[in-house]
Amino acid sequence: MLLNDTALIYGRYLRQSLRSRFALLFGVLMPLLYLLFFGPLLTDLPLGGEGSSWQVLVPGLLLQLGLFGASFAGFSIIIEKGQGVVERMRVTPVSRLALLLGRVLRDATVFVFQAVLLVLAALVMGLRAPLPGVLIGFAFVGLLTVSLASLSYALAMKVRTPQEFGPAINAMTMPMMLLSGLMLPMTLGPRWLDVLSHFVPFRYLVDAVRDAYIGSYATTPMLYGVLVAVAFAGLAVTVGTRVFRTAGA
C-alpha cells in the first residue's frame, strides 16, 4: 500500500511539474549563470587540492541547486493549504508517509534532471570529469533534495503564511551556503573559518562530490559525505513524516 500510495502522489505532482516547463527550465538558471559568468574567473587560479577549477566549481553548483531549490519546496504546501487541497487529502486513506515521499521524490526527480542540464553546460564550458564521479554527484543531489525538501514541507505545515516561511528558510540556507565551501574550498580561508565550516553537515557533501569529480572514490571525505547524506536523509524524512501525521496532512 505504501508503494502504491507513494507512486500515486508522485505521479500527481510530477505531472504538475511537467506541465510547468517554464519553471522546470528556469529553476536551473541561477547556477547556470554562476557557471557562465563566475566559472571563467577561476580558470588557472590556484584553488588548492587536485583537479581543475571546473572540478571545484561544478560540484558546488550542483549542490547549490539542491540546496536552494529543495529548501523552498514548502511554498507549494502553503498554497495547497490555502486552497483546501491538504484538507481534502486528510480524509483519504493514503499513508501520511506516502504524502511526504511522493512530494520529495518528485522534487528529487526534477532537481536531478536540472543537474544533468547543468553538467551538460559545464562540459561545453570545459569540465572534464569521470562518468562514475558525475553519477555520484547526481546521487548526492537526489539525497540532499530528499532531506531538505522533507524539512521544508515540515516547516511549511507549521507556518501560516509565506511571509513567515521565506525569512526562516533564508536564515537557514545562507549560513549553509557560506560555510560549506560551495563556491570555493574552505581551505582557502583563514583557519578559524575552515574549522567552523566542519560543524556544517553540508560541507561534507561538497567535499565528497569534489573528490568524485577528480576520480577519488575511496577517500575519507567520500566516506563522511555518504554517511552524512544518508543519515541526514533518514532524519529529515522521519521528522517530516511525524509533522505530516500530527498536522493532519
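## How the helices are described

Helix axes here are lines fitted to C-alpha atoms over the stretch in contact, and angles between N-to-C directions run from 0 to 180 degrees. The helices themselves are DSSP runs (H or I, at least four residues), numbered from the N terminus. The model is a predicted one, so local features need pLDDT of at least 70 and side-chain atom pairs count only at pLDDT 80 or more, while totals for chains, interfaces and linings use all residues. Residues are numbered from 1 along each chain as its sequence is written, and side-chain values use heavy atoms, with hydrogens and water left out.

## α4 beside α8

Let's start with α4 and helix α8 (residues 131-158), which pack at an angle of about 20 degrees with their axes 8 Å apart. The two helices are therefore roughly parallel to each other, a label given to angles under 35 degrees. The crossing of α4 and α8 is right-handed, meaning that the near helix is turned clockwise from the far one by less than a right angle.

On the α4 side, the contact (heavy atoms within 4.5 Å) is made by L62, L63, G66, L67, A70 and S71. They meet F140, V141, L144, T145, L148, A149 and S152 of α8. By class, this contact has nine nonpolar, four polar and no charged residues; Ala, Val, Leu, Ile, Met, Phe, Trp, Tyr, Cys and Pro count as nonpolar, Asp, Glu, Lys and Arg as charged, and the others, Gly among them, as polar.

## α4 beside α11

Helix α4 (residues 53-71) also packs with helix α11 (residues 202-213), at an angle of about 135 degrees and with axes 9 Å apart.

The contact divides into eleven nonpolar, two polar and one charged.

## Two threonines

T241 sits in helix α12 (residues 220-246) and counts as buried at 6% relative accessibility, the cut-off being under 20% with a 1.4 Å probe and protein chains only. Its side chain reaches the backbone oxygen of V237 at 2.7 Å. Leaving aside residues up to four places away in sequence, T241 touches L97 and L100.

T92 lies in the loop between α6 (85-90) and α7 (96-125). With a relative accessible area of 31%, T92 is partly exposed, a class between buried and exposed, the latter being over 50%. T92 and P59 are 33 residues apart along the chain, and their C-alpha atoms are separated by 41 Å.

Technical notes
A polar contact is a pair of N or O atoms within 3.5 Å; within protein, one must be able to donate a hydrogen and the other to accept it, and residues adjacent in sequence count only if both atoms are side-chain atoms. Angles under 35 degrees count as roughly parallel, over 145 as roughly antiparallel, 65 to 115 as roughly perpendicular and the rest as oblique.
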